[in-house]
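Please read it with the model open.

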Amino acid sequence: MAGAREGVLKESGGLRLILPKCEKGLGAVISRPDSHDLIDGVRVAPVQIWPDDRGFFLEAARLGRELASGFGSRSTQVSVAVSYRGTTKAFHYHMLQTDLWIPCHGMLQVALADLRDGSPTFGRRNTLYVGTLRPWQVLIPPGVAHGYKVIGDASAMLVYLTDRHYDPSDEGRLPYNSRDLAYDWETQRK
């Protein structure tokens, strides 16, 4: 459910971020890359995996093509984060930077929240379960808060590309348990 507007978080270069007031929950759980419930500008694409008797090969991205199409002409950075079972890293957002996440090992519960004033999906939250069992790339535009929790019994490895070099002044943070975002990190029992 989209949230009501709270205070201005940050404003820069024509982008104004507002902290929405959301009801507790996960938002829309995304189970298809072409879901109509995706936050505006977020894109998802399957990653091809080639397994054999030695392990597997995964092509993370091709710069200038597919979800990384805008990354070829700008300076980029490729980073890797390994997080242990049960770790939650959330929330942060960027004013300029676009992220392309490729979970390569383990499973992540990815949480996204649209903070962009004027966005058609302002206040919407998405949950994606991605990794070994669902190999997807996730493109996260500026102004969309993002974070993840490692789920399952193993550590997780996240490879991510950015369309510019890391700049701490471009990043903002919210606590993982923000009362306003009200994202429910608890295991959902159905």
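Predicted model: local features only at pLDDT ≥ 70, side-chain atom pairs only at ≥ 80, totals over all residues.

1. Residues are numbered from 1 along each chain as its sequence is written, and side-chain values use heavy atoms, with hydrogens and water left out.

2. The largest pocket has a volume of about 310 Å³. A pocket here is an open set of points on a 1 Å grid over the protein atoms alone, where a 1.4 Å probe fits, with protein on both sides within 12 Å along at least five of seven lines; lining residues have an atom within 4 Å of a point. Volume is the space filled by probe spheres set on the points, which are joined across faces, edges and corners.

3. Which residues lie nearest the centre of the largest pocket? They are His-92, Asp-99, Tyr-160, Glu-171 and Arg-173, out of 18 lining residues. β8 (88-94) is among the strands that each supply at least two lining residues. The largest share, four residues, comes from β8. Strands are DSSP runs (E, at least two residues), numbered from the N terminus.

4. The second largest pocket has a volume of about 170 Å³. Its lining includes Trp-50, Glu-59, Arg-62, Arg-65 and Gln-137.

5. Asp-163 sits in the loop between β14 and β15. Asp-163 counts as buried because its relative accessibility is 2% (buried means under 20% relative accessible area, 1.4 Å probe, protein chains only). Its side chain reaches the backbone nitrogen of Thr-98 at 3.0 Å.

Technical notes
Buried < 20%, exposed > 50% of the residue type's maximum accessible area, 1.4 Å probe, protein only. Polar contact = N/O pair within 3.5 Å; in protein donor to acceptor, adjacent residues only side chain to side chain.
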